[in-house]
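Here are a few friendly comments to read beside the model. Please keep the 3D view open as you go.

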Amino acid sequence: MPNLSRRDFLKLGGLSLAVTMNPLSQFAIQAQDESLSIQTWGHFISTTNEQLSEQLNLWSTITDISLDVSFTGFEDLATSLEESDETQTPDIIMMLHARPHQFADNLMDVSDIAEAVGRANGGWYNIAREACEVDGVWRAMPWFFAPQAMVYRSDLYAEAGYDAFPSTMEELLEAGTTLKTMEYPLGFSVGPADGDGNNFCLTVLWSFGGNIVNPDNEIVLDSPETRLALEFVQQLYQDAMLPEVVSWDDGANNTAFLAGEISTTNNASSILWAAQQNDVAFASTINHASYPEGPAGSIQYGQVHSFGILNHTQNVDAAKSLLTFLNSVDVWLPMGSESFGFNYPLFRNFEDLPSMAWNLEPQLLGLREIVASAHTAGYPAPPSAAASQVISDFVITDMFASVCNGDATIDEAIQTAVTRVEDLYDNA
């Protein structure tokens, strides 16, 4: 990173040098001897962690504000949110899904910077508001969307007789059955995978017409459409998948794919990135495609990464300065490129930029445009604390897993899930 003056820093944040012209300038001019702590996710694409560290160090140097930075896993982020009132740490935390709704009482209002940053960059995609805006108040600053696609080996599909990825769920079952006989089964997590498992199970449920709630927030999980989704995944598991998928976490499908154990999974760009970094023999055959359509089309669950400022934070202006800085064009664009398309912009005017990974790497084209139609927890109702808790507690992935591994019949699995959903919604 170059050595930048305070004036350069203000420009880098996309902020006016005249406070009277742009009220956001106040967030880039801080007093001395302040400190902040930030807890964020340890990225699967390791060079992204390195670049983020450089950017945080740059901000700290320019503002003379000390930063305590910790990188951690998805599960630790959730634990920190739950314990933040007691521990009074960190000041800023990354969140997934609709957790700003789940922990709204713990989070400060950041509407001023969220609205200004969005306007400056063409506006936010709808899912950014879904995930971060609670009752008209922004409780978190969106940072990026992790686009999930079907990740597959085109060489194996060609060998199985397919010149393109299946466009429907039934075609996926047919292809997967053939691929399993070739000893290259499918591998979709139906276990406790915060990102990949929730994404796969919610997307299948919605694409078969099933929903946890209706638009009026009435629980409708017990439906013929949910049964169809469960029957489909049960057959997919039996005929086309590895048995281990019921216990997979977020890294297990990456490992299995790169080891050549499976032909297909759902993921962002990190599998292809790792394959290229490690000279995996079949890296050139890895491709990405949209989720196949179910009877209700393709309705995809989306994973938003956001940053929230905890209520106990003493240096609020400093925290807002940092979140504004991280979403500034000259900081976000290099991060989007370095992440190899894993960090997908939630700004409407970034997707077509030539520097974005999916516009440079043909194997990533399948990631484009997913963000425009994706939804977060609670769909088709507005997001809520209860909806976020359903995802955090793996209620839906557990429902699918119990059917796949034979622990429950479809009716039993649905009833257990309904009871858990009712408890969460009643106690929200």
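The points below cover the ground rules, some aromatic rings, the nonpolar core and one serine.

1. This is a predicted model, where local features need pLDDT of at least 70, side-chain atom pairs count only at pLDDT 80 or more, and totals for chains, interfaces and linings use all residues. Residues are numbered from 1 along each chain as its sequence is written, and side-chain values use heavy atoms, with hydrogens and water left out.

2. Start with the rings: there are 23 aromatic pairs, a pair being rings of Phe, Tyr and Trp (its six-membered ring) with centres within 6.5 Å. Trp41 and Phe74 have ring centres 5.0 Å apart and planes at 15 degrees, so they are stacked (planes under 30 degrees apart; over 60 is edge-to-face and the rest tilted). Trp41 is in strand β1 and Phe74 in helix α3, 33 residues apart (helices, H or I, of at least four residues and strands, E, of at least two are DSSP runs, numbered from the N terminus).

3. Trp41 and Phe74 are both buried (under 20% relative accessible area, with exposed over 50% and partly exposed in between; 1.4 Å probe, protein chains only).

4. Now find the largest nonpolar core, with 147 residues (buried Ala, Val, Leu, Ile, Met, Phe, Trp, Tyr and Cys joined through side-chain atoms within 4.5 Å). Helix α18 gives the most to this core, eight residues.

5. Ser37 lies in strand β1 and is buried, at 15% relative accessible area. Beyond four places in sequence, Ser37 is in contact (heavy atoms within 4.5 Å) with Asp68, Pro90, Asp91 and Ile92.
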